[in-house]
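Please view the sequence and the structure first.

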Amino acid sequence: ASAAFAFTGAAVGAPLWNLPQNDRGFTYPGLRNEQAPSVFLAYSNPDSRVSTGIFKWLKIQLVSVEYSGESLSAPHFSLWTASGSGPPIIWMATSDGITGSDHYWALEGTHNHLNWGFTALGIYRVTMRASAFLQSTGQPTESEDHAVTFAIGTLAMWRATHFSGPDLVDVNIGVPTADPDADGSNNLIEYAFNMHPRDSSTAAITTGTGISGLPLIQVENVNGQDRLTIEFVRRKASTNPQIVYVPEFISDLTSGNWEAGGTTLITPVAGENDWERVKVTDSLNLTPETRRFGRVRVALLSQVAY
């Protein structure tokens, strides 16, 4: 609720994903630089965010931020350090656009930890450039641009496991709607059913034991009646998968009136803490004259409650 954190771009009460400045039992990335002594020029830095005095400064400039995800609002990236009881020191923030002030100052031969903030689930490719003045000539020198990828959320983590670099944000390769292995199942379906987006497969899971594959739809005898069943694996809700699974049945494909429901049986998947096996039995008995179809609709959630 503090106005001091409005720079993050997160509204009051909205979630903010933070890789922290200090060790809290999970990743707290920093910035580290190494170079031979007497390479950089020492000077007094006029930026009010740093200490006064003559030091050898390295400037790390924010060049761009690419986002790929499902946020309904503009996703933002920010970088700041805590300053005791005072307001945070803001180094980078995209909520007001990327300007010349979006940079961090590091001293020669140091490493520093900072707070990295993200306002939405998804993939962020944060590109930065380092620069300094050379002691030998007093002239500026700068690095090539370097992109660092952050995967925020379970779906983004899965994408970053299977794709890297520019592929992650390529609409033909790494986004949920892409089908890079051309097997007819886009990345979202592969993610939902524990499949590999780089290996082409149209196989259904093995009944009772399968841990990967498309839903298995078949006719089974249930209490003396033939029923259509749908069997599939799904990600547990506790993993915050950012998707929902909706098993549905229909008698006439031309009607479009898919019916959710039936009897559901959920069993654990051995050795897979993030997955469970689901079997849904249709409520309609089958006769020789009956036509019945089934599917599992996977819906992507743009907002996730935590």
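Strand S15 (residues 243–250) and S19 pair in the antiparallel sense over eight bridges; strands pair if DSSP finds at least two bridges between them. The model is predicted: local features need pLDDT of at least 70, side-chain atom pairs count only at pLDDT 80 or more, and totals for chains, interfaces and linings use all residues. Residues are numbered from 1 along each chain as its sequence is written, and side-chain values use heavy atoms, with hydrogens and water left out.

**The sheet around S15**
- S15 belongs to an open sheet of three strands, ordered S16-S15-S19, with antiparallel pairing.
- Strand S16 (259–260) and strand S19 (293–300) are the edge strands, each pairing on one side only.
- Opposite Arg-295 in S19 stands Glu-248.

**The chain overall**
- The chain has two helices and 19 strands, which are DSSP runs (helices H or I, at least four residues; strands E, at least two) numbered from the N terminus.
- Its radius of gyration is 26 Å, well over the 19 Å that the globule rule gives for 306 residues, so the chain is more spread out than a compact globule. The radius is taken over C-alpha atoms, and the rule is 2.2 Å times the number of residues to the power 0.38.
- Along the principal axes, the C-alpha atoms fill a box of roughly 90 × 40 × 35 Å.
- Of the 306 residues, 38% count as buried, meaning under 20% relative accessible area with a 1.4 Å probe, protein chains only.

**Contacts of Trp-91**
- Among the residues that Trp-91 touches are Arg-49, Leu-79, His-103 and Leu-114, not counting residues up to four places away in sequence; contact means heavy atoms within 4.5 Å.

Terms used:
Buried < 20%, exposed > 50% of the residue type's maximum accessible area, 1.4 Å probe, protein only.
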